[in-house]
Amino acid sequence: TKEQALVLVGFPGISFADQDFYAFEVLTGVLSGGGGKLFSEIRDKEGKAYTLGAYSVWGLDPGYYVFYVATTPEEVPRVREKLLSEIASLRQTLIPAEEIIRTKESLIGLQKLSLQTAGALSFQAGLDELYGLGYDRYLAYEQKIRSVTADDLRRIASTYFAPDKKVLVLVLPETSKED
């Protein structure tokens with residue numbers, strides 16, 4: 001098996017009651033997955049990643065947002081710089097409309113699928129009510145996702161992904177005593 005290393009770049013995030021929740025949902029969808037921006041820029045063009053993406057952890061209190069790339073130990077310096085460059089580009093350039101539209105449709109479809117059963121719907125409604133968001137919050141999901149713009153994505157990247165707010169973590173394989 002090949003040794004792997006992990007490059008993580010984290011930033012302070014939001015709570016799930018924050019007005020930027022839906023924009024973060026869209027941004028995460030754009031960045032993650034096989035057709036995502038990070039995948040095409042780091043894995044497809046550079047061939048430097050086993051897996052990569054972005055995810056958020058949020059709750060009643062603000063959480064955090066993480067970009068990650070699994071790569072070989074030798075590629076860590078190049079991957080780190082490429083990932084930081086891609087994060088910087090999110091603050092400066094607009095994500096193409098077709099990527100945003102594709103992501104929105106995917107998110108809306110996934111949300112509908114996830115709430116198909118009475119149990120899943122009641123669980124979501126119960127949590128949203130418990131957290132003070134309203135039991136019927138799920139009804140606004142599609143409209144809120146559709147209303148996210150490329151400018152919204154650039155704005156949240158500029159606001160939340162400032163270089164002075166980042167934490168960089170490198171997870172490297174343990175070296176043997178013979179090294």
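Author: The model is a predicted one. Side chains of opposite charge can pair when their charged atoms come close. The structure holds nine salt bridges.

One of them joins glutamate 105 and arginine 146, at 2.5 Å from N to O. Glutamate 105 belongs to helix α4 (residues 97–114) and arginine 146 to helix α6 (residues 141–146), so this bridge ties together parts that are 41 residues apart in sequence. Both ends are partly exposed: glutamate 105 has a relative accessible area of 39%, and arginine 146 has a relative accessibility of 38%.

Another salt bridge links glutamate 142 with lysine 112, where the closest N and O atoms are 3.4 Å apart. Because glutamate 142 lies in helix α6 and lysine 112 in helix α4, the pair ties together parts 30 residues apart in sequence. Glutamate 142 is partly exposed at 27% relative accessibility, and lysine 112 is partly exposed at 48%.

Within helix α7, aspartate 151 and arginine 154 are three residues apart, so about one helical turn separates them. Their side chains form a salt bridge, with 3.2 Å between the closest N and O atoms. Aspartate 151 is partly exposed at 45%, as is arginine 154 at 29%. As for shared partners, salt bridges join Glu105, Lys112, Glu142 and Arg146 into one network.

A charge can also be found at a ring: the charged end of arginine 137 sits over the ring of phenylalanine 21, 4.7 Å from its centre.

How values were computed
Residues are numbered from 1 along each chain as its sequence is written. This is a predicted model: local features need pLDDT of at least 70, side-chain atom pairs count only at pLDDT 80 or more; totals for chains, interfaces and linings use all residues. Side-chain values use heavy atoms; hydrogens and water are left out. A charge sits over a ring if NZ of Lys or CZ of Arg is within 6 Å of the ring centre and within 35 degrees of the ring normal. A salt bridge is a side-chain nitrogen of Lys or Arg within 4 Å of a carboxyl oxygen of Asp or Glu. Helices (H or I, at least four residues) and strands (E, at least two) are DSSP runs, numbered from the N terminus. Buried means under 20% relative accessible area, exposed over 50%, partly exposed in between (1.4 Å probe, protein chains only).
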